[in-house]
Amino acid sequence: MCDVTVIDDALSELTRLVGTLGEGVDLNSITHQLKVIKRSTENLRSEVYKDSKFDVLNHKSYEVELRKRVESGDSFYLGMIDLDNLKKINDKYGHFLADKVISKVIAILQIEFGNENVFRVGGDEFIVLMDSDGDLSKF
């Protein structure tokens, strides 16, 4: 989990360094602080847009991507996938096996459609977005 204070501290240090520009600033320190901010921001972005349990984009990420596609005016396909009877697997064999099923489904979807087009929007519900010039037979 990314600690937001790391970003705040790096920004404070960067602000201090920029304030010393007239005094012969240390460019290495500024470069270091910028790298800290970039790395922390990437970690934070990953936490916000990735599913916390599986390596797949989450509902928030889906909302952002859907909005971008709609606003662009370009055509696209949207596929909704719901894993029927996953609750039965969960009840009979436990969460471990049900999670394995979800992981396998995610892996297959990501291979077919690309990591950036697969979103887990519920426990066993997924959405796939695809450009309209893509291979519709994949659906």
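Strands β2 and β3 (residues 125-131) run antiparallel to each other and are joined over three bridges; two strands count as paired if DSSP finds at least two bridges between them. Strands here are DSSP runs (E, at least two residues) and helices likewise (H or I, at least four), numbered from the N terminus. Within this pair, V118 sits opposite V128 of β3. In general, strands of a sheet pair through backbone hydrogen bonds, either parallel or antiparallel.

This is a predicted model, in which local features need pLDDT of at least 70 and side-chain atom pairs count only at pLDDT 80 or more, while totals for chains, interfaces and linings use all residues. Residues are numbered from 1 along each chain as its sequence is written, and side-chain values use heavy atoms, with hydrogens and water left out.

Zooming out, the sheet is an open one of three strands in the order β1-β3-β2, with antiparallel pairing. The edges belong to β1 (76-82) and β2 (118-120); each has a single partner strand, so one side of each is left without a neighbour in the sheet. From one strand to the next, the twist averages 20°.

Two helices lie across this sheet. Helix α3 lies across β1, β2 and β3 and runs at about 30° to β3, whereas helix α5 (residues 95-113) lies across β1, β2 and β3 at about 5° to β3. For these angles, axes are lines fitted to C-alpha atoms, for helices over the stretch in contact, and angles run from 0 to 180 degrees between N-to-C directions. Contact means heavy atoms within 4.5 Å.

So what does α5 look like up close? It has 19 residues and reaches 26 Å from its first C-alpha to its last, close to the 27 Å expected at 1.5 Å a residue (the expected span is 1.5 Å times one less than the number of residues). The buried residues of α5 are A98, D99, I102, V105, I106, L109, Q110 and F113. Buried means under 20% relative accessible area, exposed over 50%, and partly exposed in between, with a 1.4 Å probe and protein chains only. Seen down the axis of α5, these buried residues fall within an arc of 130°, so they line one face of the helix; the arc is that of the directions from the helix axis to the C-beta atoms. Their cover includes β1, α4, β2 and β3. Over on the other side of α5, F96, K104 and I111 are exposed.

K50 pairs with D55, their closest N and O atoms being 2.5 Å apart; K50 is partly exposed at 31% relative accessible area, while D55 is exposed at 55%. In helix α4 (residues 86-93), K87 and D91 are four residues apart, about one helical turn, and their salt bridge has its closest N and O atoms 2.9 Å apart. Both K87 and D91 are exposed.

Helix α3 (residues 59-72) holds K68 and E65, three residues apart and so about one helical turn from each other. Their side chains meet in a salt bridge at 3.5 Å, N to O, and E65 counts as buried at 19% relative accessibility. The pair also belongs to a network of salt bridges linking E65, K68, R69 and D131.

Methods. A salt bridge is a side-chain nitrogen of Lys or Arg within 4 Å of a carboxyl oxygen of Asp or Glu.
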